[in-house]
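Morning, everyone. I'll go through a few spots, one after another.

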Amino acid sequence: MATKPFAIVAGVGPGTGASIARKFAQAYSVVVLARNPDNFNPVVEEINSAGGQATGISADLADSNSVQAAFEKINQQYKDTPLAAAVFNSGGGFVRKPFLELTEEEFAGGYRSQGIGAFNFAQRTLPLLQKATDLQNPPTLIFTGATASVRGSANFAPFATGKFALRALAQSLAREFGPKGVHVAHVIIDGVIDIPRTKDWANEHPDGKLDPGAIADAYWHLHIQPRTTFGFELDLRPYVEKW
């Protein structure tokens, strides 16, 4: 059982999600969600071995039944424990393909992953966040966006459609739940993140990719902002990124 407030990080892999989980685990017990347990098992073991508290749960956020099952486990384990922060970090729905070659399934996949996935996650976390009114930091819900959140580039129709929907949802929730004391924020990740699968991607600058640890620091900064100074949107990009 958890002995301190907890945070939920959805969409945990070996890069950004794991870094966010590590950062928030310095203050809270953490629950990490991903469809494949192989994605979250290493960071769960790492956090627990270091004296923290972490639990991994397999869940497909675009599937309401899967989300319900996951949150039944969460509510059982963290009953009467305040939820301090929730992070939606899903990168699903990424398809790069000429529009006329897309299938309906591929196009709809972007919205299911980002729009429906974020909807399911927010509906389950916001009632818990609203109860966490007496913690040191305001209860926080953060959504991970991308360049595609504000720019629908050629060949990225499914991903851009999903990320546009995610950003619109985040705006709506920020306006509805901010006055209720819940800090809702959206982060635009603009550039290549330095994670295992991008190690070999050519880059003329050794520090020209986004550092996932620094991204996690920025998320923590959003979380500790006081109610007098809520920031909704944050852009993060390497110093050499064209935008």
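Start at Asn-36, which caps the N-terminal end of α2. One of its side-chain oxygens lies 3.0 Å from the backbone nitrogen of Asp-38. Keep in mind that this is a predicted model.

Now the helix itself. α2 covers residues 37-49, so 13 residues. At 1.5 Å a residue, the helix should span 18 Å. The end C-alpha atoms are 18 Å apart, so the two agree.

Which residues of α2 are buried? They are Phe-40, Val-43, Val-44 and Ile-47. These four cover an arc of only 110 degrees around the axis, so they sit on the same side of α2. What covers them? The cover for the buried residues of α2 includes α1 (16-25), β2 (29-34) and β3 (54-58). Turn to the face away from the buried side, and you find the exposed residues Asp-38, Glu-45 and Ser-49. After α2 comes Gly-51, with a positive phi, near 100 degrees.

Next helix: α4, residues 104-131. The same check applies: 28 residues at 1.5 Å each should span 40 Å. The end C-alpha atoms are 40 Å apart, which agrees. Still, α4 bends by about 35 degrees at Arg-112.

Now the aromatic rings. A pair of rings is described by the distance of the centres and the angle of the planes. The count here comes to 8 aromatic pairs. Take Phe-88 and Phe-121: their ring centres are 6.0 Å apart and their planes are at 45 degrees, so this pair is tilted. Where do they sit in the chain? Phe-88 is at 0% relative accessibility and counts as buried. Phe-121 is also buried, at 0%.

A second pair is Phe-94 with Phe-159. The centres are 5.2 Å apart and the planes at 70 degrees, so this pair is edge-to-face. Phe-94 lies in the loop between β4 and α4, and Phe-159 in helix α5, so the pair ties together parts that are 65 residues apart in sequence. Phe-159 counts as buried, at 10% relative accessibility.

Ring pairs also link Phe-71, Phe-88, Phe-121 and Phe-143 into a cluster.

Last stop: Ser-149, in the loop between β5 (140-146) and α5 (157-177). Is Ser-149 buried or exposed? Buried, with a relative accessible area of 2%. Leaving out residues up to four places away in sequence, Ser-149 touches Lys-163, Phe-164, Arg-167 and His-186.

Definitions and conventions: Residues are numbered from 1 along each chain as its sequence is written. This is a predicted model: local features need pLDDT of at least 70, side-chain atom pairs count only at pLDDT 80 or more; totals for chains, interfaces and linings use all residues. Side-chain values use heavy atoms; hydrogens and water are left out. Helices (H or I, at least four residues) and strands (E, at least two) are DSSP runs, numbered from the N terminus. The expected span of a helix is 1.5 Å times one less than its number of residues. Buried means under 20% relative accessible area, exposed over 50%, partly exposed in between (1.4 Å probe, protein chains only). The arc is that of the directions from the helix axis to the C-beta atoms. Contact means heavy atoms within 4.5 Å. A polar contact is a pair of N or O atoms within 3.5 Å; within protein, one must be able to donate a hydrogen and the other to accept it, and residues adjacent in sequence count only if both atoms are side-chain atoms. The bend at a residue is the angle between axes fitted to the seven residues ending there and the seven starting there. Rings of Phe, Tyr and Trp (its six-membered ring) pair if their centres lie within 6.5 Å; planes under 30 degrees apart count as stacked, over 60 as edge-to-face and the rest as tilted.
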